[in-house]
Amino acid sequence: MRAVWRNRGAAALLLSGLVGACGVVYTVPDVGGNAVDSGTEYNVRVVPLSHETAAAANLDTYVPPRLPLAFQPDAVARVAAKGPPPPQLPALPAPSAPLESRPSFIPDRFPPLGTPQPYRIGVSDVVLLSVTSAATSVEALPGLLTAQAKRNGYVVQDDGAIAVPDAGRIRIAGLTMPEAEAAIFDALVAAGIDPTFSLEIAEFNSQRVAIGGEVRAPTLAPISLTPLYLHEAVELAGGLAVTDRSVAKVQLTRRGTTYQIGIERFREDPAARRIVLQDGDSIFVGSEFREDAAQLRFDQELALRSQRITTTEFALRLEELKATRESQARDRLRDAREVFEARLELGAVARDYAYVTGEVGSTKRFPLPFERSATLADVLFDDQRLSIQNSDFSAIYVLRPASDPTTPGALTAYHLDADNAVNLALATQLQMRPNDVVFVAEQPITSWNRAISQALPNLFITAASIATGN
C-alpha cells in the first residue's frame, strides 16, 4: 500500500513538472497589434491578402536589377560593334552603254507607193519671169525687169502672193506652174500690160524631206518639179552607212504614221524605188541593234566582271574580319560572365533579398532575381518546403516595412489564409519587394509537442529521483 501511494506521488510530481516545464520552455511567435522590441515600437497593420490587396501592394515602385551586358541576348553584336568601323564595300557602277539585243526579225510596213503629182508653188519659193522679146521687154516692161534685176526674183510671201511692180500682188501659192503663169498673165493684162514671158522657179524652199540616221550626210532634201523618190532621198544624204544590214531598216514617218522597210528589201525590191515622197516626210535609217554599242557594252561588262572578282575577295575579307571580332567579343563576354558569377558567389555583387522564417525547412534569405519580379509563391515553394505536419497554412504573413520615411515603425502584414488550398493561388499574385519578411506560423499541436519534447528530459530525471527515493 505504501508503494502505491509512493507511485501516485511520483505521478503527481511528474505532471506538475510537465506543466511547469511547458509554461517556461517554449513561446509561440505572434503577428499583429503593436510590438515593442529593443525600445522600437512598431505599428503593425494586418491586411488580408486578396486579389485587390495584392494589386495594391504591387504598386510599390521596384525595378529589378538588370544583368550585365555579358548576359544580354545581343551582347556579342553590341560588343563587336564597339570597335572601329569596318571598311566599306565599294559600290560597283552600272554599265553606261545601253544593252543591245539583236532582233530576230524586222517586220516590214510598206508605205504607199503614191503617184507623181505636178509641183505646186509654195511660200518661200523664188520665181523668175523670163521675157522672150527684147523689144517688148524694154518698151513694155521697164518697171518689171528693173525690179527683177534688183531682187533676183520674186519670193512667195506668207500670204502666198508675189509683188510685181506696176501689176500689184499676185497670189500664186498652191498653184501649178501653168496655173501660176495664167494668174500672172491675167494680172498684167488687167494692169494694161501685154507681155510675152515664161515662169521659172529659181529656188525650191517650200517643200522638204528630212533624211537622217545611219547615212553619210544627213540633210534636208527639197522637193522640186520632178518627183522625189525614197531611194533618191537616201542617195542625196550620201547613201547608207549601216554597219549590219541584216538588222537595219529605213523608216518613213508621214503625218504621225511610221512605215519601215528592211535594208535588204529596200535595196532589192523594185517597189521600194517607186515610193514618192511628200512634203514633211521624215526618213530615218537605223537599227535596234548597234554593233559598236554592243561591243562597248561588252567591254564595260568585262571590266565590271573583273571588278566583281576583286569585290568578292574584299567581301570575304570583311566576313573574316567580322567573324574575328565576334570571336573576340565572345571571349571577352565569357570572361566577364565568369567574373560576375564569381563575385556573385562571394557576395561582392549588391543584391536585393527577401527573408523567410517560421515553419519552413530553414530560415534563410531569398535573393530576388534579376530582370523580373519574384512572387510569394516563388519564396514558399523554393528549395525549402512547407511542412504539412507543422506549418499553419492559415497563418502565412508577408511583413513589409512602410516605404514612406515620414511613418517610421509602420509595418504592413499581408495575411494569406491558405487553410482553403484555393487561396494559395493568391501567392502567385503578390510580388516580393526588397527586405520583405515571409513568416509561416506553426500549428498549435506543434507548439505542444515541442514543449513536451523540451520538458521530457527534466521529467525523466525527476521520476528517476522519486523512484530511488533520493
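**A walk through the model**

Let's start at Arg255, which sits in the loop between β10 (248-254) and β11 (257-262); helices (H or I, at least four residues) and strands (E, at least two) are DSSP runs, numbered from the N terminus. Before I go on: this is a predicted model, where local features need pLDDT of at least 70, side-chain atom pairs count only at pLDDT 80 or more, and totals for chains, interfaces and linings use all residues. Residues are numbered from 1 along each chain as its sequence is written, and side-chain values use heavy atoms, with hydrogens and water left out.

Back to Arg255: its phi is near 50 degrees, a positive value in a residue other than glycine. Most residues other than glycine have a negative phi. Arg255 is exposed, with a relative accessible area of 68%; buried is under 20%, exposed over 50%, partly exposed in between, using a 1.4 Å probe and protein chains only. Ser124 also isn't a glycine and has a positive phi, about 85 degrees. You'll find Ser124 in the loop between α3 and β3 (126-131), and with a relative accessible area of 34% it is partly exposed.

Now, confidence. pLDDT is the predictor's confidence in each residue, from 0 to 100. The protein chain has a mean of 76, with 69% of its residues at 70 or more. Over residues 133-140 the value is below 50, and beyond near neighbours in sequence that stretch has six contacts in the model, a contact being heavy atoms within 4.5 Å. Residues 146-152 are below 50 as well, with 10 such contacts. Where pLDDT is low, the predicted coordinates should not be read in detail.

On to the aromatics. How many aromatic pairs does a search of the whole structure find? Three, where rings of Phe, Tyr and Trp (its six-membered ring) pair if their centres lie within 6.5 Å, and planes under 30 degrees apart are stacked, over 60 edge-to-face, the rest tilted. Phe71 and Phe340 are edge-to-face, 5.4 Å centre to centre with 65 degrees between the planes. Phe71 is in the loop between α2 and α3 (75-80) and Phe340 is in helix α9 (residues 291-345), so this pair ties together parts 269 residues apart in sequence. Phe71 is partly exposed at 28% relative accessibility, while Phe340 is buried at 14%. Phe340 also pairs with Phe370: the centres are 5.9 Å apart and the planes at 65 degrees, so that one is edge-to-face too. Phe370 is in the loop between β14 (364-367) and α10, 30 residues from Phe340. Put together, ring pairs link Phe71, Phe340 and Phe370 into a cluster.

Last stop, the inside. A nonpolar core here is a set of buried Ala, Val, Leu, Ile, Met, Phe, Trp, Tyr and Cys residues joined through side-chain atoms within 4.5 Å. Which residues touch the most other members of the largest one? Of its 26 residues, those are Leu49, Leu376, Leu416, Met432 and Val438. Two or more residues come from each of α2 (51-57), β13 (353-358), α10 (376-380), β15 (391-401), β16 and β17, and α10 gives the most, with four. Leaving out residues up to four places away in sequence, Leu49 touches several residues, including Ala54, Leu376 and Leu430. There's also a second, separate core of 23 residues, with Ile211, Val234, Leu240 and Ile275 among them.
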